[in-house]
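Reader: I have just opened this entry and would like to learn how to read it. Could you walk me through it one feature at a time?

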Amino acid sequence: MIYYKTPEEIESIRECCSLISKTLSGVASKIQPGVPTIDLDSFAEEFIRDNGAEPAFKGYMGFPNSLCISVNEAIVHGIPGNDEIREGDILSIDCGVHKNGFYGDSAYSFLVKQGGDAEKKLLATTRHSLFEGVSQARVGNRIGDISNAIQSCIERAGTYSIVRELVGH
């Protein structure tokens, strides 16, 4: 059954997503070589709580942190720790919040300082694939149309592939 959200519910979801955007922006300002990823997590948790929300990931199925931080080859759901960020790292940071009975969830990838050509190409390709997918999110299309657009874009780049075990991410 499809459950349509009221304007008030949509506003609550928008508020959650806005807080995620602000949290990720704050986290971005803290990303520097030498900073442990746990410090980014601590900042995010405090920021989320200071804004009247709860970190959505913390405690979910035993997850110990507020952010998922995947570094370089790690694909998803990385656990922040004492490992220090290095120049050229790619950090995929996933943030979720819960407020007023609703959730928001978003991720962003950050290149630490001046990454090399390979890192820049990867991020440019994934960004392009995102927009290819979004272009297929329209009335009459199916989720598979979005997924196909993303996969086709990635594979056209010639260097990358889709992690099939994690479809949906």
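Reader: How does phenylalanine 47 count by its relative accessibility?

Author: The general idea is to ask how much of a residue's surface a 1.4 Å probe can reach, with protein chains only: under 20% relative accessible area is buried, over 50% is exposed, and partly exposed lies in between. Phenylalanine 47 has a relative accessibility of 24%, so it counts as partly exposed. Phenylalanine 43 is partly exposed too, at 23%.

Reader: Before we go on, what kind of model is this?

Author: It is a predicted model, in which local features need pLDDT of at least 70 and side-chain atom pairs count only at pLDDT 80 or more, while totals for chains, interfaces and linings use all residues. Residues are numbered from 1 along each chain as its sequence is written, and side-chain values use heavy atoms, with hydrogens and water left out.

Reader: How many aromatic pairs does a search of the whole structure find?

Author: Rings of Phe, Tyr and Trp (its six-membered ring) pair if their centres lie within 6.5 Å; planes under 30 degrees apart are called stacked, over 60 edge-to-face, and the rest tilted. The search of the whole structure finds 2 aromatic pairs. One of them joins phenylalanine 43 and phenylalanine 47, which are stacked, with 5.8 Å from centre to centre and 20° between the planes. Both residues lie in helix 2 (residues 37-50), 4 residues apart, or about one turn of the helix. Another pair is tyrosine 108 with phenylalanine 110: their ring centres are 4.9 Å apart and their planes are at 55°, so this pair is tilted. Tyrosine 108 counts as partly exposed at 45%, whereas phenylalanine 110 counts as buried at 13%.

Reader: You mentioned a helix number. Where do such numbers come from, and how do helix 1 and helix 2 cross?

Author: Helices (H or I, at least four residues) and strands (E, at least two) are DSSP runs, numbered from the N terminus. For a crossing, axes are lines fitted to C-alpha atoms, for helices over the stretch in contact, and angles run from 0 to 180 degrees between N-to-C directions. The axes of helix 1 (residues 7-30) and helix 2 come within 10 Å and cross at roughly 145°. Handedness is left if the near helix is turned anticlockwise from the far one by less than a right angle, and right if clockwise; the crossing of helix 1 and helix 2 is right-handed.

Reader: Which residues of helix 1 and helix 2 meet?

Author: Here contact means heavy atoms within 4.5 Å. From helix 1 come Leu19, Lys22, Thr23, Gly26, Val27 and Lys30, and they meet Leu40, Phe43, Ala44, Phe47 and Ile48 in helix 2. So the partly exposed phenylalanine 43 is also among the residues at this meeting of helices.

Reader: How many disulfides does a search of the whole structure find?

Author: A disulfide is a pair of cysteine sulfur atoms within 2.5 Å. The search of the whole structure finds 0 disulfides. Cysteine 68 is in none, and its nearest cysteine sulfur, that of cysteine 95, is 9.5 Å away. That distance is too far for a bond. Both cysteines are buried: cysteine 68 at 6% and cysteine 95 at 0%.

Reader: What does the side chain of serine 70 reach?

Author: A polar contact is a pair of N or O atoms within 3.5 Å; within protein, one must be able to donate a hydrogen and the other to accept it, and residues adjacent in sequence count only if both atoms are side-chain atoms. Serine 70 is found in strand 2 (67-71) and is buried at 2%. Its side chain reaches the backbone nitrogen of histidine 77 at 3.4 Å.

Reader: And which side chain does aspartate 89 join by a polar contact?

Author: Aspartate 89 lies in the loop between strand 2 and strand 3 (90-99), and counts as buried at 4%. Its side chain joins that of asparagine 72 in a polar contact of 2.8 Å. The side chain of aspartate 89 also reaches the backbone nitrogen of arginine 86, at 2.8 Å. Beyond residues up to four places away in sequence, aspartate 89 touches Val71, Asn72, Glu84, Phe110, Leu111 and Val112.
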